[in-house]
Amino acid sequence: MLRGPPRLLKVSVAPVAALAVALLSSLSRCSLLEPDDPAASALSPYFGTKTRYEDANPGLLPDPEAPRRDPELLEDACTPVQLVALIRHGTRYPTAKQIRKLRQLHGLLQARPSGDGRAGPAGGRDLGAALADWPLWYADWMDGQLVEKGRQDMRQLALRLASLFPALFSLENYGRLQLVTSSKHRCVDSGAAFLQGLWEHYHPGLPPPDVADMECGPPRINDKLMRFFDHCEKFLTEVEKNATALYHVEAFKTGPEMQNILKKVAATLQVPVNNLNADLIQVAFFTCSFDLAIKGVKSPWCDVFDIDDAKVLEYLNDLKQYWKRGYGYTINSRSSCTLFQDIFQHLDKAIEQKQRSQPVSSPVVLQFGHAETLLPLLSLMGYFKDKEPLTAYNYKEQMHRKFRSGHIVPYASNLMFVLYHCKNAKTPKEEFRVQMLLNEKVLPLAHSQETASLYEDLKEHYRDLLQSCGASDECELPKVNNTSDEL
């Protein structure tokens with residue numbers, strides 16, 4: 001039986017033949033990535049929010065479908081009764097805006113004077129010429145959509161979680177899965193790919209049916225939950241649309257660290273430095289990451305940068321995430337209160353049903369969103385907070401910062417709340433415990449560094465957020481009292 005509105009399942013159709021030609025042409029000019037390729041792996045830790053999940057979780061490389069059980073996970077007397085997971089979409093294409101910038105940079109390289117016989121350091125063609133001839137296979141229609149690697153990210157995550165928590169992901173519970181997603185195609189498609197991975201877990205070797213025909217139905221769109229930032233007027237006014245909100249990002253772009261890279265890249269590519277800017281340099285760096293993540297190849301763009309450059313460019317990306325999604329402004333995190341409270345409402349309901357000896361109606365809740373969904377929530381909970389704010393002027397002092405977006409929210413990143421029912425509890429309060437996992441590793445509690453908490457203690461710690469952080473109050477702009485005499 002068809003479930004859910006058809007619009008949830010609408011998937012864009014790419015011009016496959018043209019893409020195949022572009023890919024083959026591109027692959028012919030790029031070196032296929034070896035597992036221990038030093039040039040690619042050297043830059044991989046610095047791609048920020050464009051980081052591959054396996055680079056943030058390298059233990060998955062030998063077998064990405066095998067679960068890796070964190071030894072800190074509760075077991076024996078404690079049985080998981082519910083899992084609530086927030087999952088960032090899988091690997092995606094660049095956005096149309098990024099593609100336009102890359103096209104601009106590619107045009108600069110193609111406009112260079114030709115036939116001057118310039119050679120690279122090894123006596124071959126210079127890097128600028130190689131990049132000018134490199135096929136620009138990215139097209140506007142791609143615009144941030146999920147790629148096949150992203151679907152694979154989700155299928156493999158589903159297989160690992162189903163093996164790690166077999167009782168929660170049992171076939172009996174399949175029809176009770178609850179899936180929510182952002183309206184963005186990459187999130188809707190990520191949810192569908194996750195369900196396909198579960199089907200593979202339940203029915204090895206059988207092709208999955210259409211998501212609409214699966215028993216649990218397709219993911220339900222809820223942007224007020226998964227894209228809360230788009231619905232918070234205070235955030236939109238004071239941060240998103242405020243030209244000065246990202247002052248430190250813009251200041252760092254014109255600071256000495258970025259200017260040194262600008263001059264170096266101009267010399268390397270043999271283009272006038274005045275034709276380049278920090279945004280073009282950043283998109284060139286991201287192109288190295290996109291080629292690596294999407295196609296598994298090391299493109300010539302990776303040769304433009306060394307590790308010192310990569311660290312500076314990572315900091316530029318982290319500055320943006322810090323001031324727009326993290327601790328830079330209070331409203332960044334407070335805008336996520338609705339999502340935070342929604343998580344605890346699921347946990348509360350599961351406990352209430354267990355106490356009444358009823359089956360848990362939603363043993364698994366899966367919510368598919370963005371890096372911009374996860375970072376504010378983690379900041380709200382007090383995670384990855386440095387002693388000093390990240391600014392345009394303390395790059396060197398922040399070399400060992402906690403707030404590194406690529407380590408926190410790579411593609412397919414996930415934050416999971418696991419609720420346990422524990423036998424032999426001496427008091428009713430001790431009966432229910434909770435653990436959090438970030439990217440499948442136990443996340444110690446921000447306030448105590450304990451690896452597990454009594455559920456009531458966790459609620460008490462976050463009591464203010466659960467009781468006094470309402471979206472209407474937090475996101476409402478101060479009312480301006482405009483009074484005037486009417487004639």
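I take helices to be DSSP runs of H or I with at least four residues, numbered from the N terminus. The model I consulted is predicted.

**Entry: helix α10.** I looked up Lys253 and Glu250, which lie 3 residues apart in helix α10 (residues 247-253) and are therefore separated by about one helical turn. Their side chains meet in a salt bridge, at 3.2 Å from N to O. I noted Lys253 as buried, because its relative accessibility is 14%, and Glu250 as partly exposed at 41%. I then found both residues in a network of salt bridges that also links Lys101 and Asp279.

**Entry: α11 against α13.** I examined the packing of helix α11 (residues 256-269) with helix α13 (residues 307-324): the angle is about 130° and the axes are 10 Å apart. α11 is therefore oblique to α13. I recorded the crossing as left-handed. On α11 the contact involves Glu257, Met258, Ile261 and Lys264, and on α13 Asp309, Val312, Leu313 and Leu316. By class, I list 5 nonpolar, no polar and 3 charged residues in this contact.

**Entry: Lys264 and Asp309.** I found a salt bridge between these side chains, at 2.7 Å from N to O. Lys264 belongs to α11 and Asp309 to α13, so the pair ties together parts 45 residues apart in sequence. Lys264 is partly exposed, at 31% relative accessible area, whereas Asp309 is buried at 6%.

**Entry: Asp189 and Arg151.** I located a further salt bridge here, at 3.7 Å from N to O. Asp189 sits in helix α7 (residues 185-202) and Arg151 in helix α6 (residues 148-164), so the pair joins parts 38 residues apart in sequence. I noted Asp189 as buried, with a relative accessible area of 8%.

**Entry: tally.** I recorded a count of 28 salt bridges.

Note on methods:
Residues numbered from 1 in each chain as written. Predicted model: local features only at pLDDT ≥ 70, side-chain atom pairs only at ≥ 80, totals over all residues. Heavy atoms only, no water. Axes fitted to C-alpha atoms, helices over the stretch in contact; angles between N-to-C directions. Helix = DSSP H or I, 4+ residues; strand = E, 2+ residues; numbered from the N terminus. Parallel < 35°, antiparallel > 145°, perpendicular 65-115°, else oblique. Left-handed = near helix turned anticlockwise from the far one by under 90°. Contact = heavy atoms within 4.5 Å. Nonpolar A, V, L, I, M, F, W, Y, C, P; charged D, E, K, R; others polar. Salt bridge = Lys/Arg side-chain N within 4 Å of Asp/Glu carboxyl O. Buried < 20%, exposed > 50% of the residue type's maximum accessible area, 1.4 Å probe, protein only.
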